[in-house]
Amino acid sequence: MSKIYTVAVVGATGVVGREMIDLLQELNFPVGRLVPLASARSAGATVLFKGENIDVQVLNEDSFKGVDFALFSAGGSVSKEFAPIAAKSGAVAIDNTSYFRMHPEVPLVVPEVNANAIASHKGIIANPNCSTAQMVMALKPIYDLAGIERVVVSTYQSVSGAGKAGIDELEKQARLSLNGGDFVAQKFPHTIAFNLIPQIDDFLPNGYTKEEIKMIEETKKILGDPTIQVTATTVRVPVFVGHSESINIQTKRKVSAAEVREALRKMPGVIVMDDPPNSVYPTPRETAGKNEVFVGRIREDLSIPNGIELWCVADNLRKGAALNAIQIAQALIA
Ligand SMILES: NC(=O)c1ccc[n+]([C@@H]2O[C@H](COP(=O)([O-])OP(=O)(O)OC[C@H]3O[C@@H](n4cnc5c(N)ncnc54)[C@H](OP(=O)(O)O)[C@@H]3O)[C@@H](O)[C@H]2O)c1
C-alpha cells in the first residue's frame with residue numbers, strides 16, 4: 001500500500017488555505033488526515049474535505065504532532081513563529097508567506113523551474129510571491145534558450161492576492177458604486193472598484209514597493225542567476241482572481257518569436273495561447289480556476305535587437321500559491 005500523509009493547512013479559512021484544501025482533493029494527494037488550522041476567530045468553523053466537515057483547530061505549539069507536511073498561508077508573523085516549530089516536530093513546512101523566501105538556508109522553489117533546490121531543505125521550503133511564480137515559469141524556457149540580460153515587468157494583480165479582505169472590498173465597492181453610494185477604502189490605499197492602483201504593499205525609500213522588490217530578488221534566486229537585471233511595477237486591478245503581466249525580456253542571444261513560442265510550448269505547466277488575428281491570448285477571467293500559466297502576445301521587441309515581449313496570466317491562488325505549495329510536497333514524496 002502506498003504511504004499516506006498527515007497534512008496541516010495553516011490559514012485553512014483564508015482564500016489560499018481553502019484553495020489548498022480543494023487542490024489536495026482535486027490532485028488526489030495522499031492525505032490520511034487533514035489538520036485545518038486558523039486563529040481563534042475561526043473557532044467553530046469547519047472545512048469540507050472529501051465530503052466530510054472537518055473542525056478547524058486553533059493554531060498552537062502542539063498543532064504539528066504527527067504532521068508530515070505543514071502548508072502555511074496565514075501571514076509572515078505566523079510563519080516566523082510556527083514554521084520552525086512545525087519543522088522541529090518533524091514536518092516539512094512549505095511556506096507561502098514572504099518571511100523565509102530570501103533566507104539563504106531556505107530553498108525558494110517552483111518545481112518546474114528549480115526542483116533541484118528542494119533537496120537542500122532543512123525543514124522549511126518557501127513558495128515564491130504569486131507574481132514571481134508565474135513569471136519564472138515563462139522566463140525559464142527563454143533563459144535556457146538564449147540567456148537573459150534584463151527583464152522589465154508590469155503587473156495587473158487581482159484583489160484576491162490581498163486575501164479575503166481584498167475580495168470583499170472590491171465586491172462591496174463595486175455594488176455601492178453602481179448604486180451611487182459612498183465607499184471607504186480600507187484594505188487598499190484607494191478605491192479599487194472601476195479603478196487601478198499602482199501600489200502593492202508598502203513603499204521603500206528607493207521608490208519601489210516591497211512587492212516589486214520581491215519580484216526582483218525572488219526571480220534571481222529561483223533562476224539561480226544574480227546577474228539578471230529585473231525591474232518591476234506592480235499594479236492592483238479590479239479583477240477578482242488572476243494576475244496578468246506584461247513582460248519584456250532582453251535576451252543574451254537574439255531569438256525569434258517563433259523559437260520562444262516553441263520553447264514555451266514545451267515547458268511543463270505552461271500553455272501558449274497566442275493567435276492575435278483571432279484575438280486569442282489569455283485573460284484572467286478565462287484562466288481563473290486553472291492550474292497552468294498562460295502565455296500569449298509573444299513578439300519580437302522592435303526597440304532593441306535582442307528583445308521579446310509577452311503577456312502572461314495565471315490564477316494567483318493556484319500556481320501563485322496553493323498549487324505550487326502542493327507540487328513541492330508532491331516532489332518531496334516522488
Ligand atoms: N492570496 C494570494 O494570492 C497569495 C499568494 C501567495 C501568498 N499569499 C500569502 O498567504 C498568506 C495568506 O493569504 P490569504 O490571501 O489566504 O489571506 P486571507 O484570506 O486573509 O486568510 C488568512 C488566513 O490566515 C489565518 N490567520 C491569520 N492570523 C492568524 C493567526 N494569528 N493564527 C492562525 N491563523 C491565522 C486566517 O484565519 P482566521 O480566518 O481565523 O482569521 C485565515 O485562515 C499571506 O501571508 C499572503 O501573503 C497569498
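View 1. The centres of domain 1 and domain 2, taken over C-alpha atoms, are separated by 25 Å. Domain 1 comprises 5–128 + 321–333 and domain 2 comprises 132–316; these bounds come from an automatic or database domain assignment. To the contact, domain 1 gives 14 residues and domain 2 gives 20 residues, two residues being in contact if their C-beta atoms, placed from the backbone, lie within 7 Å. On the side of domain 1 that touches domain 2, α3 (111–114) and α9 each supply at least two residues. Helices (H or I, at least four residues) are DSSP runs, numbered from the N terminus. This is a predicted model, in which local features need pLDDT of at least 70 and side-chain atom pairs count only at pLDDT 80 or more, while totals for chains, interfaces and linings use all residues. Residues are numbered from 1 along each chain as its sequence is written.

**View 2. The shell around the ligand.** Both domain 1 and domain 2 give residues to this shell, so the ligand lies between them. Gly 11, Gly 14, Ser 42, Ala 74 and Gly 163 come nearest among the 29 residues around the ligand; a residue is near a molecule if its C-beta atom, placed from the backbone, lies within 6 Å of it. The shell holds 11 nonpolar, 16 polar and 2 charged residues. Here Ala, Val, Leu, Ile, Met, Phe, Trp, Tyr, Cys and Pro count as nonpolar, Asp, Glu, Lys and Arg as charged, and the others, Gly among them, as polar.

**View 3. The largest nonpolar core.** A nonpolar core is a set of buried Ala, Val, Leu, Ile, Met, Phe, Trp, Tyr and Cys residues joined through C-beta atoms within 7 Å. Among the 89 residues of the largest core, Ala 8, Val 10, Ala 70, Leu 71, Ala 138 and Val 295 touch the most other members. Helix α4 (residues 130–146) provides the largest share of this core, 10 residues.

View 4. Most residues other than glycine have a negative phi. Phe 194, however, has a positive phi of about 55 degrees, and Asp 201 has a positive value near 75 degrees. Phe 194 lies in the loop between α5 (163–178) and α6 (210–223), and Asp 201 is also found in the loop between α5 and α6. Phe 194 is exposed, with 11 other C-beta atoms within 10 Å, whereas Asp 201 is partly exposed, with 16 C-beta neighbours inside 10 Å. A residue is buried if 20 or more other C-beta atoms, placed from the backbone, lie within 10 Å of its own, exposed if 12 or fewer, and partly exposed in between.
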